[in-house]
Amino acid sequence: MMLSARVRQGQHVFENLITALDWLGIIVFSLTGALVASRNQMDVVGFILLGTITGIGGGTLRDLLLDIHPIFWIEQPIYVLVCAGVSILAFFTAHLVHPRYRLLLWLDAAGLALFAATGAERALGAGAHPIVAVIMGMITACFGGIIRDTLSQEKSIIFSYEIYVTAALVAAATFVGLNALGFGHEVAVSGAFLLGLALRGGAIQFGWSLSRYRAK
Amino acid sequence: MMLSARVRQGQHVFENLITALDWLGIIVFSLTGALVASRNQMDVVGFILLGTITGIGGGTLRDLLLDIHPIFWIEQPIYVLVCAGVSILAFFTAHLVHPRYRLLLWLDAAGLALFAATGAERALGAGAHPIVAVIMGMITACFGGIIRDTLSQEKSIIFSYEIYVTAALVAAATFVGLNALGFGHEVAVSGAFLLGLALRGGAIQFGWSLSRYRAK
Amino acid sequence: MMLSARVRQGQHVFENLITALDWLGIIVFSLTGALVASRNQMDVVGFILLGTITGIGGGTLRDLLLDIHPIFWIEQPIYVLVCAGVSILAFFTAHLVHPRYRLLLWLDAAGLALFAATGAERALGAGAHPIVAVIMGMITACFGGIIRDTLSQEKSIIFSYEIYVTAALVAAATFVGLNALGFGHEVAVSGAFLLGLALRGGAIQFGWSLSRYRAK
């Protein structure tokens, strides 16, 4: 009895942690969009637009492709409000964020790793094939940033030297693998998150990268 | 009796006006796409492609996100035919349109303001939350142009100094607000249209803009 | 009896041919994405991403717009695996592909012509209006490449001097026309394929192009 109560309490704590990380991811992604807006000296509406698209873009594409309706932010508009709020805040405080760019990179890495896992989970929940679930995890984690870079005509993260999309793919595949091996939600999300974070963190800290194509 | 007949007649005139403005919006948006095609010296198929995507792009994204199927132009292909026709016409007459660019800007403003209102209305009709309806109004009005600029690698309107997306957001919010206050269709559409047009018109005429982010 | 057996055998051969061409199209489109990745000296994951998006992008947009779910590669993930496999192969052998660019152009033309026909057929099968079916054929054939060029910020094929989108439109319209005239699947696909291939082939071989807009 006591043990099962502790387990339940542990699950409760874990779920709160996931929810907190989920919001952290949304907030950090929005911030990266707002920073691009600041580099382009946009007005506050531009901040809101680019910040919000970056925050919810990946999950939107995932839900569209999987035919999950209503799309998560159409069902719960609070997501959009938070993205907009973060973007407005960034409009007035971006000069405080810029010198903390390195911290932002790490928070972005955490969002990337978590969204890859939870995106894959949402796809499996919708009945998708494991391979499709891995792709959906990557899309959830990366396509907000890809849309941000495309709209603002910056060099896309898909061209970055450092590991980025790769970390999302590995995290999503780890989640799907652990899930297929029968591990529970907590273990699968944690394992995927930590591995994805480690990979992307290594890229941030040590410049880890895959070897690139060179013309022969 | 006579009064109610007059009211009905008034509604009839109003609906005809809305329908006329709706077509005007589609036509003007297509024209702006065709003008980008002319600046890039495209062939007539390029005109059709860019003109049509600009004309129907915003409404297409709105219907996709809200899961409204068939998408409006798949249900009524006449929309595509008109966009294509306008684009073909522009291929032969763009030299007549260029010197009337200022008129085009004003017509574009009218399309922007109307589509923001009718896009929001369509979202409310599909059961969307008021916040989502405001977003959908903005998407309907702005994303044809955003897709046009992204495909043709022009600086996107989201980076424009002048008020543009803001006017669409205000028009959509006005419609949703008037609707929530119990005002009828005519009042809500008219109020939203006039306020949106005034804002965007001020930007065209007097260079109205919001203050922009400046590095501190 | 013998004749009908021969007809059935002929149909069987034809279907195998279509299936082979369908895979050829997917493979060639992926290759063109991987070649853009090689020009940008991306890593192998970048090859996979850009190759796969190019291979399946057009069909994905078609299925989304027509509300056909599951989207073809979500139903049969083998499509994604093949695109990824081709992209990985290209990462190691792109230096062998580059000098055969002209061959690739011709294979791309074959994919373009076939996808325009089969995309239009899929749209008709979903109950779409003939005009919409022509558009969907063009989207299936061209939008993988358009998304590839937009993501990699290359000059889009919609701006190309040579006939490209036009060939897809003609092939799709030919299929829809032959179908409406009561011709069977084999005749309609073959006619559309050959006409599209001839048009695009003329562009490759002789530089065929439509006259372009010139400022007056």
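**View 1. Helices α2(C) and α4(C) are oblique to each other, and the reason lies in the angle between their axes.** Angles under 35 degrees count as roughly parallel, over 145 as roughly antiparallel, 65 to 115 as roughly perpendicular and the rest as oblique. In this predicted model, local features need pLDDT of at least 70 and side-chain atom pairs count only at pLDDT 80 or more, while totals for chains, interfaces and linings use all residues. Residues are numbered from 1 along each chain as its sequence is written, and chains are lettered from A and ligands numbered from 1 in the order in which they are written. The axes of α2 (residues 44–66) and α4 (residues 78–97) of chain C come within 8 Å and cross at roughly 135°, where an axis is a line fitted to C-alpha atoms, for helices over the stretch in contact, and angles run from 0 to 180 degrees between N-to-C directions. Helices (H or I, at least four residues) and strands (E, at least two) are DSSP runs, numbered from the N terminus. The crossing of these two helices is right-handed, a crossing being left-handed if the near helix is turned anticlockwise from the far one by less than a right angle, and right-handed if clockwise. Among the residues that make the contact are C:F47 and C:I48 of α2(C), together with C:Y79 and C:F91 of α4(C); two residues are in contact if their C-beta atoms, placed from the backbone, lie within 7 Å. The contact residues divide into 12 nonpolar, 4 polar and no charged, with Ala, Val, Leu, Ile, Met, Phe, Trp, Tyr, Cys and Pro counted as nonpolar, Asp, Glu, Lys and Arg as charged, and the others, Gly among them, as polar.

**View 2. In chain A, helix α2(A) packs on helix α6(A) at an angle of about 135°.** The axes of α2(A) and α6(A) are 7 Å apart, and the two helices are therefore oblique to each other. Helix α2(A) passes α6(A) in a right-handed crossing. The contact includes A:G57, A:G58 and A:G59 of α2(A), and A:F143, A:G144 and A:G145 of α6(A). By class, the residues of this contact are 12 nonpolar, 8 polar and 2 charged.

**View 3. Chain A meets chain C through 24 residues on each of the two chains.** On the side of chain A that touches chain C, the elements giving two or more residues are α2 (44–66), α6 (130–151) and α7 (165–180), and the largest share, 4 residues, comes from α6(A). This side has 13 nonpolar, 7 polar and 4 charged residues. A rotation of 120° with 0.0 Å of shift along its axis superposes chain A on chain C with an RMSD of 0.0 Å, and the two copies are thus related as by a three-fold rotation axis; copies are superposed by least squares on the C-alpha atoms of residues with pLDDT of at least 70 in both. Only 12% of the interface residues of chain A are also interface residues in chain C, so the copies meet through different surfaces.

**View 4. Chain A also touches chain B, with 24 residues of chain A in contact with 24 residues of chain B.** The largest share of this side of chain A, 6 residues, comes from α2(A), and its residues divide into 15 nonpolar, 8 polar and 1 charged.
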